[in-house]
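This briefing goes through one protein chain by topic. Please keep the sequence and the structure in view while reading.

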Amino acid sequence: YRYLINNANFESYIKVIKTDAETGKGLAGAVFTVTRVTGLPSHHGEGNGQVVATITSDADGIAVTPLLTWGTYEIRETTVPDDYLDDGTCVTVSIPAQAN
């Protein structure tokens, strides 16, 4: 007999869209720091608190992380586009451990 067991970690990208609050148009040049808050239990907390990506919005206001394993991430805007004010934007995003 032959058995095949696949243990798959769910992975995903996180996409950030930076827009002007008044016009709704995308804004280039916003920099976001992505930090792992929690990750794979098998890593026993290793890598928690680690910056896993720094991403910058393009001309359409879009910034995308590299492929990330499931867990919880903090996304903090660390540089705002020229002529805009820093409002301290920080959000927490979760990549689920299993398909919904």
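Which residue in β4 does T33 stand opposite? The residue opposite T33 is T54. The model discussed here is predicted. The protein has zero helices and eight strands, and 31% of its 100 residues are buried.

**Overall make-up**

- Read from the N terminus, the order of elements is β-β-β-β-β-β-β-β.
- Among contacts with a separation of 6 or more, 63% are between residues 24 or more positions apart.

**The open sheet**

- An open sheet is formed by four strands, in the order β4-β3-β7-β8, with antiparallel pairing.
- Its edge strands are β4 (51-56) and β8, each of which pairs on one side only.
- On average, neighbouring strands of this sheet are turned by 25 degrees against each other, direction ignored.
- Strands of a sheet pair through backbone hydrogen bonds, in either a parallel or an antiparallel way.
- Five bridges connect β3 (residues 31-38) with β4 in the antiparallel sense; the T33 and T54 positions stand opposite each other here.
- Between β3 and β7 there are seven bridges, also in the antiparallel sense, and F32 stands opposite E77 of β7.
- β7 and β8 run antiparallel and are joined by six bridges; G71 has I95 in β8 as its bridge partner.

**Salt bridges**

- Over the whole structure, a search finds two salt bridges.
- One of them is between K18 and E77, whose closest N and O atoms are 3.1 Å apart.
- This pair links distant parts of the chain, 59 residues apart: K18 is in the loop between β2 (15-17) and β3, while E77 belongs to strand β7 (residues 71-79).
- K18 and E77 are both buried.
- E74 is partly exposed because its relative accessible area is 24%, which falls between the 20% and 50% cut-offs.
- R76, at 35% relative accessibility, is likewise classed as partly exposed.

**Loop residues**

- S57 is placed in the loop between β4 and β5.
- With a relative accessibility of 4%, S57 counts as buried, because buried means under 20%.
- D83 is located in the loop between β7 and β8.
- The phi of D83 is near 70 degrees, which is a positive value in a residue other than glycine.
- Most residues other than glycine have a negative phi.
- D83 counts as exposed because its relative accessible area is 82%, and exposed means over 50%.

**Nonpolar surface patch**

- Y13, V64 and L67 make up a nonpolar patch on the surface, and together they have about 300 Å² of accessible area.
- L67 is in the loop between β5 (62-64) and β6 (68-69).
- The relative accessible area of L67 is 43%, so L67 is partly exposed.

**The segment after β8**

- A97 is found in the segment that follows β8 (90-95).
- At 37% relative accessibility, A97 is partly exposed.
- Leaving out neighbours within four places in sequence, the contacts of A97 are with F10 and W70.
- A97 and F10 are separated by 87 residues in sequence, yet their C-alpha atoms are 5.8 Å apart in space.

Note on methods: Residues numbered from 1 in each chain as written. Predicted model: local features only at pLDDT ≥ 70, side-chain atom pairs only at ≥ 80, totals over all residues. Heavy atoms only, no water. Helix = DSSP H or I, 4+ residues; strand = E, 2+ residues; numbered from the N terminus. Buried < 20%, exposed > 50% of the residue type's maximum accessible area, 1.4 Å probe, protein only. Contact = heavy atoms within 4.5 Å. Patch = residues over 30% accessible without salt bridge, like charges linked within 9 Å, V, L, I, M, F, W, Y side chains within 5 Å. Areas by Shrake-Rupley, 256 points an atom, 1.4 Å probe, with all protein chains shown as cover. Salt bridge = Lys/Arg side-chain N within 4 Å of Asp/Glu carboxyl O. Pairing = 2+ DSSP bridges. Axes fitted to C-alpha atoms, helices over the stretch in contact; angles between N-to-C directions.
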